[in-house]
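Please look at the sequence and the model shown here before reading on.

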Amino acid sequence: MAEDNWLDLYRKTSSRLLLFARQYVSGLQDAEDVLQEAFVKFWKNREEGLDEERQVARLYGCVRWVALDWLRRNGRRVKREDAASNDASLREGDTLFECPVDEEERVKAMQDALLQLPEAQREVVALKVWSGLTFDAIGEALDISPNTAASRYRYALAALRTNMNLCSYARNG
């Protein structure tokens, strides 16, 4: 990628990367900070000659590592703030999805089901569904094999189906 293409890459990927960063941190502002730091680190240390898919996969990996580093640095502060607010990480009205009001209950059930997934599965779902990455690109981003990414995705979908059916049964039962 040429030196002046950083803005094009940022425009193409920033909204999906922000959603991915949001999987790790509790607030939009923190996710924006993670994205900014990750993009700068990625751009300064990028490898020339890689196709765009591999560049994007590595960018996701960079967001992941910066977010994990941010969590380590800010872990005590976040725990203290969470205890003080006595709220869940997703407050009322703070959704991961944009949706019509009539689907509010379904969205809440989906968010709850996603939050019940192990982190490794939630990462793969975010990269596959929201970012549209291939399993090869997900493997590159998370430093796992494509087969492991596919397995985590299958397990996550099965768990989501089960959890969503339980939510539906609880509402109707």
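**Helix packing**

Helix 5 and helix 6 cross in a right-handed manner, a crossing being right-handed if the near helix is turned clockwise from the far one by less than a right angle, and left-handed if anticlockwise. Helices (H or I, at least four residues) are DSSP runs, numbered from the N terminus. The model is predicted, so local features need pLDDT of at least 70 and side-chain atom pairs count only at pLDDT 80 or more, while totals for chains, interfaces and linings use all residues. Residues are numbered from 1 along each chain as its sequence is written, and side-chain values use heavy atoms, with hydrogens and water left out.

**Helix 5 with helix 6**

- The axes of helix 5 and helix 6 (residues 135–142) come within 10 Å and cross at roughly 135 degrees, where axes are lines fitted to C-alpha atoms, for helices over the stretch in contact, and angles run from 0 to 180 degrees between N-to-C directions.
- That angle makes helix 5 oblique to helix 6, since angles under 35 degrees count as roughly parallel, over 145 as roughly antiparallel, 65 to 115 as roughly perpendicular and the rest as oblique.
- Glu123, Val124, Leu127 and Lys128 of helix 5 meet Phe135, Ile138, Ala141 and Leu142 of helix 6, contact meaning heavy atoms within 4.5 Å.

**Helix 1 with helix 5**

- The axes of helix 1 (residues 6–22) and helix 5 (residues 119–130) also come within 10 Å, and they cross at roughly 160 degrees.
- Helix 1 is therefore roughly antiparallel to helix 5, and their crossing is right-handed.
- From helix 1, Arg16, Leu19 and Phe20 meet Glu123, Ala126, Leu127 and Trp130 of helix 5.

Notes: Helices (H or I, at least four residues) and strands (E, at least two) are DSSP runs, numbered from the N terminus.
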